Amino acid sequence: MISANNVTLRIGKKALFEDVNIKFTEGNCYGLIGANGAGKSTFLKILSGQLEPTNGDVAITQGQRLSFLQQDHFKYDEYSVLDTVIMGNERLYQIMKEKDAIYMKEDFTDEDGIRASELEAEFAEMDGWNAESDAATLLNGLGIPTEDHYTIMRDLNAALKVKVLLAQALFGNPDILLLDEPTNHLDLDAIGWLEEFLINFDNTVIVVSHDRYFLNKVCTHTADIDYGKIQLYAGNYDFWYESSQLLIKQMKEANKKKEEKIKELQDFISRFSANASKSKQATSRKRALEKIELDEIKPSSRKYPYIDFRPEREIGNEVLTVEGISKTIDGVKVLDNISFIVGHDDKIAFVGGNEQAKTVLFKILVGEMEPDEGSFKWGVTTSQSYFPKDNTAIFDTEDIIVDWLTQFSEIKDATYVRGFLGRMLFAGEDGVKKMKVLSGGEKVRVLLSRMMIENANVLIFDEPTDHLDMEAITALNTGMTKFPGVILFASRDHQIVQTTANRIMEILPDGTLIDKVTTYDEYLESDEMARKRQVYSVSDDEE
């Protein structure tokens, strides 16, 4: 068990947390939620001991081991992938290194022998002989092939490093597991594997995530941070949302009844307070009036943007035809003879672990990259708006937001353009911020503002939820499902894929394409069944 006792954290004069008391018990998975800036990651740092609170303390059951997801992607650059994972259990790794150092000595003494024996006993007690195979199992589950397990960390790309650090946090069956955005940069297959791992994990988990489907799948409890307090709810994210909305509704209804009672008492008092025969009753009602207290209903610190994509022109029957597109990058065939036709009702999710292939295909379709072979043709009634995965070049400018956005608007009026920024929570003087100083979340909201103002009838999204908070993701999800045009998109957010897509395309590692008219959950079920049939077929052949 881990608990926070009267924890307060002040940053300058502002109290981020005030007298927080909460217990996280064994066997439960807690989703830690709250608006951006509410302090979710900061609270995890307090729990893990990386940050000292101003007042209060954190208590962990004696003898229990805590593990947390490292955020420094360069910390282990000099170590192998396998060693990095095993370092998740610091004591076990120390024993392994000390044993190796003793056995490498040329002048092996009696004292060395005694020490080695002690280490071997502790090593065996910690199940050290299975450490490498356990680490390999975690890595393979997250999609890191065996041939990469002895690679030096600095030679891995950023996405693979994230997976290794996640495997490190999971390694060795920690008693308390703290995960800050564990699904970031994971493909949907890896997220699915992590979901199953956490569902079957018997100890305490506290996780911060903006992935609603993930929280619904793994969490038994929800801890909501709002206005410096943490309120604990039994149940997953959807249960929290329904419970919190119900609580607010009940408080409003209770206040309404109290307000009606107050008015009734006030009317009686004003009517009969001067009447001698009614003075006792009026006095009695004054006392009753003084006892009525309205419940304080604080508005949530959460803010939802308003995302509404409205195409200027209705789309025709001919939308997009792709014929035999192939592309090789750095000697690797990323796309291999890709062909498909898009219909006017299609909302297509591109899924699977081949993220580069999805990005390359989108860049080809919007004219930012040429295919090596093949062609594509957009219908004459179509207009496209594109959300790129990498927006670095777009924001490398001295322009202020409102001036940059105006160039994409047919109506060249600053007030009109500021209306779109206002929908995306850019208030007041935010519109005159320079593009180059924006945060990750602000950049995404600016790009979504551009897509709204362009009024295109085909939307192309390449991982739009990166850097967005839960409220913005929910608003984007609503905007995508309501959009009457065509959408081509890639997203790691399971709920967005499931609720938006009516057609699934998976680009396989060899660059070929699977194309099915189905929902995402149905696709996963059919894919899983196909894999099971393949496993059974292999087993039967062996027999």
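Select Glu122: this residue is partly exposed, with a relative accessible area of 26% (buried means under 20%, exposed over 50%, partly exposed in between, with a 1.4 Å probe and protein chains only). Glu122 sits in helix H4 (residues 110–125) and Arg91 in helix H3 (residues 90–103), 31 residues apart. Helices (H or I, at least four residues) and strands (E, at least two) are DSSP runs numbered from the N terminus.

This is a predicted model: local features need pLDDT of at least 70, side-chain atom pairs count only at pLDDT 80 or more, and totals for chains, interfaces and linings use all residues. Residues are numbered from 1 along each chain as its sequence is written, and side-chain values use heavy atoms, leaving out hydrogens and water.

Go to Asp187 and Lys163. Their closest N and O atoms are 2.9 Å apart. Asp187 lies in the loop between strand E6 (176–180) and H7, and Lys163 in helix H6, so the pair ties together parts 24 residues apart in sequence. Are these two buried or exposed? Both Asp187 and Lys163 are buried.

Next, select Glu355, Lys389, Glu463, Asp466 and Arg492. Salt bridges that share partners join them into one network. The model has 26 salt bridges by this rule.

**The core**

Select Phe489. Phe489 is one of the residues with the most contacts inside the largest nonpolar core, which has 93 residues. Such a core is a set of buried Ala, Val, Leu, Ile, Met, Phe, Trp, Tyr and Cys residues joined through side-chain atoms within 4.5 Å. Another core, of 27 residues, lies apart from it; Ile315, Val334, Phe362 and Met505 are among its members.

Finish at the largest pocket, with about 1000 Å³ of space. On a 1 Å grid over the protein atoms alone, a pocket is an open set of points where a 1.4 Å probe fits, with protein on both sides within 12 Å along at least five of seven lines; lining residues have an atom within 4 Å of a point. Select Asn157, Ala159, Gly353, Glu355 and Gln356, the closest to its centre of 43 lining residues. Which helix gives the most to the lining? H6 does, with four residues.

Notes. Grid points are joined across faces, edges and corners, and a volume is the space filled by probe spheres set on the points. A salt bridge is a side-chain nitrogen of Lys or Arg within 4 Å of a carboxyl oxygen of Asp or Glu.
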